[in-house]
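Colleague: Please take a close look at one part of this model for me. I would like to know how its pieces pack against each other.

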Amino acid sequence: MKLEQAASQLEALGNPTRLQLYRILVRAGDDGLPVGSVQGKLDIPSSTLSHHLKRLVDAGLVSQERQATTLICRANYPGMNALIGYLADECCADATCAPVVGKAIA
């Protein structure tokens, strides 16, 4: 993942409503949710929801699929995992010693 893409995704998630929206879609799993269900959970106007969804779609974090008259929204799990990996891949790379994992607190 490139720095610009990670920055774009983090910026999209930096809005409280978009973060809440994204978490709803992540919890929904691979089946996703119809836009109407998402709107009911967030209790926001449809125009506001459309704006926030567009930002998440543009950032590559959400996909949408039309099924007849219903628009289904899904979290893009590979995109989410790539962002998480980008943040964690070099954890402690410049440290003088490796982090202690599972050390009991005395």
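Modeller: A word on the record: UniProt positions follow the numbering used here, and an annotation may be inferred rather than shown by experiment. The unreviewed UniProt entry carries the annotation "domain: HTH arsR-type" over residues 1–95. The model itself is predicted. Over residues 1–95 the chain is 60% helix and 15% strand. The C-alpha atoms at the ends of that stretch lie 23 Å apart.

The overall layout comes next. The protein has five helices and three strands. From the N terminus, the order is α-α-β-α-α-β-β-α. The radius of gyration is 17 Å, well over the 13 Å that the globule rule gives for 106 residues, so the protein is more spread out than a compact globule. Along the principal axes, the C-alpha atoms fill a box of roughly 55 × 35 × 25 Å.

Two packed helices are described by the angle between their axes and the distance between the axes.

Start with H2 (residues 16–28) and H3 (residues 35–42). Their axes come within 11 Å and cross at roughly 125 degrees. That angle makes H2 oblique to H3. The crossing of H2 past H3 is right-handed. From H2, the residues in contact are Gln20, Leu21, Ile24 and Leu25; from H3, they are Val38, Lys41 and Leu42. By class, this contact has five nonpolar residues, one polar and one charged.

H3 also packs on H4 (residues 46–58). The angle is about 110 degrees, and the axes are 10 Å apart. H3 is therefore roughly perpendicular to H4. Val35, Val38, Gln39 and Leu42 of H3 meet Ser46, Leu49 and Leu53 of H4. The classes here are five nonpolar, two polar and no charged residues.

That leaves H2 against H4. These helices pack at about 75 degrees, with their axes 10 Å apart. So H2 is roughly perpendicular to H4. H2 brings Thr17, Arg18, Leu21, Tyr22 and Leu25. H4 brings Leu49, His51, His52, Leu53, Arg55 and Leu56. This contact has six nonpolar, three polar and two charged residues.

Terms used: Residues are numbered from 1 along each chain as its sequence is written. This is a predicted model: local features need pLDDT of at least 70, side-chain atom pairs count only at pLDDT 80 or more; totals for chains, interfaces and linings use all residues. Side-chain values use heavy atoms; hydrogens and water are left out. Axes are lines fitted to C-alpha atoms, for helices over the stretch in contact, and angles run from 0 to 180 degrees between N-to-C directions. Helices (H or I, at least four residues) and strands (E, at least two) are DSSP runs, numbered from the N terminus. Angles under 35 degrees count as roughly parallel, over 145 as roughly antiparallel, 65 to 115 as roughly perpendicular and the rest as oblique. A crossing is left-handed if the near helix is turned anticlockwise from the far one by less than a right angle, and right-handed if clockwise. Contact means heavy atoms within 4.5 Å. Ala, Val, Leu, Ile, Met, Phe, Trp, Tyr, Cys and Pro count as nonpolar, Asp, Glu, Lys and Arg as charged, and the others, Gly among them, as polar. The radius of gyration is taken over C-alpha atoms; the globule rule is 2.2 Å times the number of residues to the power 0.38.
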